[in-house]
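Dear colleague,

Please find below the structure that I am handing over to you. I would be grateful if you could read the notes after it alongside the model.

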Amino acid sequence: MSQKWPFLANLKGKVLFDEPLGRHTWLGVGGPADMMFFPEDEEDLRLFLETKPKDMPYFVLGGGSNILVRDGGIRGCVIKLSSPYFTQILFKKNELTCFSGMPNSYLKKILPEYHIGGLEFLASIPGTVGGLVKTNAGCFSKELKDVLLKARIMDASGSIKEVLPEELHLSYRSSSFAKDWIVIALTLKSTNSPKDEILNTLETQALYRKLHQPVGEKTAGSLFKNPAGYHAWELIKQSGADGLRVGGAKLSDKHCNFMVNTGTASSEDLETLGNQIAQTVKEKTGVLLDWEVEKVGQNK
Ligand SMILES: Cc1cc2nc3c(=O)[nH]c(=O)nc-3n(C[C@H](O)[C@H](O)[C@H](O)COP(=O)(O)OP(=O)(O)OC[C@H]3O[C@@H](n4cnc5c(N)ncnc54)[C@H](O)[C@@H]3O)c2cc1C
């Protein structure tokens with residue numbers, strides 16, 4: 001393959017071809033990526049961007065916990081920042097710099113160990129640090145916006161910039177994050193808190209999720225954003241759309257704004273179900289639901 005793509009010979013990170021993306025997404029579905037690149041460090045990523053063919057598109061995949069990759073897969077290159085370099089964490093007084101490939105769940109161990117408070121809510125969100133930015137991820141009445149000090153970003157030309165939160169226009173599940181930007185690391189504001197307090201918060205949050213969300217099932221979290229003044233799950237229930245099913249795709253019995261793949265769903269089943277739910281809710285309540293799960297790639 002490096003004969004077809006000579007630029008690959010200079011890269012340090014692993015490259016895969018025709019990699020099924022169902023292996024990398026929480027919903028467990030998704031066709032292949034033409035190419036998948038796992039850069040070893042920032043320099044390797046910069047070299048990739050500088051030397052790849054200009055017409056080769058790229059998509060950065062985090063933990064795959066908020067995306068529905070279509071059955072035809074993703075053309076061009078999927079970049080995954082999962083090397084040891086991209087999972088580093090740097091400590092400074094009341095500041096934590098987390099590299100973008102770090103799973104948020106690492107915080108469950110780090111926060112109590114180093115008495116770092118204020119970031120417990122992030123620890124319970126599936127996925128990686130880089131994936132928090134685009135949707136200004138949040139839960140338990142807090143969102144990334146409340147704790148973000150700055151983001152280290154690489155643009156499509158391989159240049160690095162430090163971006164302040166106000167430049168990202170973070171709001172409820174939305175931001176002005178540029179399509180071709182790659183998050184390298186986030187610096188987060190923290191407090192010094194007692195270990196017991198942190199452990200207690202982490203435990204309470206984990207228990208809440210276990211009771212109210214389909215933890216352990218194939219899902220991508222909330223299917224739709226809450227429209228202003230409404231809860232998406234209530235609208236779904238009210239309109240009777242919670243019982244809809246397409247192939248192996250259905251809504252969770254625990255939370256009807258969580259779509260689950262029962263094991264046999266295709267991406268098409270999941271997307272069709274989501275669209276049917278939105279249509280039913282619009283007909284019955286007049287409210288238009290907006291997908292929170294991001295749909296990417298091509299149909300088969
Ligand atoms: C059970 C469950 C519960 C959830 N609960 C919540 C919740 O409480 N609150 C919430 O907000 N979300 C929740 N989610 C959704 C999801 O976990 C978050 O949106 C998470 O932040 C996505 O991170 P990820 O790394 O998996 O990103 P992915 O799903 O891989 O990608 C999401 C987007 O981020 C982009 N991206 C990822 N990494 C980078 C990077 N390094 N640079 C540039 N762009 C990047 C991708 O290109 C894509 O556009 C839940 C999901 C599940 C499965």
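The notes below cover a sheet, a helix and a single residue.

This is a predicted model, in which local features need pLDDT of at least 70 and side-chain atom pairs count only at pLDDT 80 or more, while totals for chains, interfaces and linings use all residues. Residues are numbered from 1 along each chain as its sequence is written, and side-chain values use heavy atoms, without hydrogens and water.

Four strands form an open sheet of mixed pairing, in the order E1-E2-E5-E3 (strands are DSSP runs of at least two E residues, helices of at least four H or I, numbered from the N terminus; two strands pair if DSSP finds at least two bridges between them). Strands E1 (14–20) and E3 (58–61) stand at the edges with a single partner strand each, so one side of each has no neighbour in the sheet. E3 pairs with E5 (residues 74–80) in the parallel sense over four bridges, and Val60 has Ile79 in E5 as its bridge partner.

In helix H5 (residues 195–212), Ile198, Leu202, Gln205 and Arg209 are buried (under 20% relative accessible area, with exposed meaning over 50%; 1.4 Å probe, protein chains only). Seen down the axis of H5, the buried residues fall within an arc of 65° (taken from the directions from the helix axis to the C-beta atoms), so they line one face of the helix. The face turned away from the buried side of H5 carries exposed residues, including Asp196 and Lys210.

Ser267, in helix H7 (residues 267–285), is buried, with a relative accessible area of 1%.

Note on methods
The expected span of a helix is 1.5 Å times one less than its number of residues.
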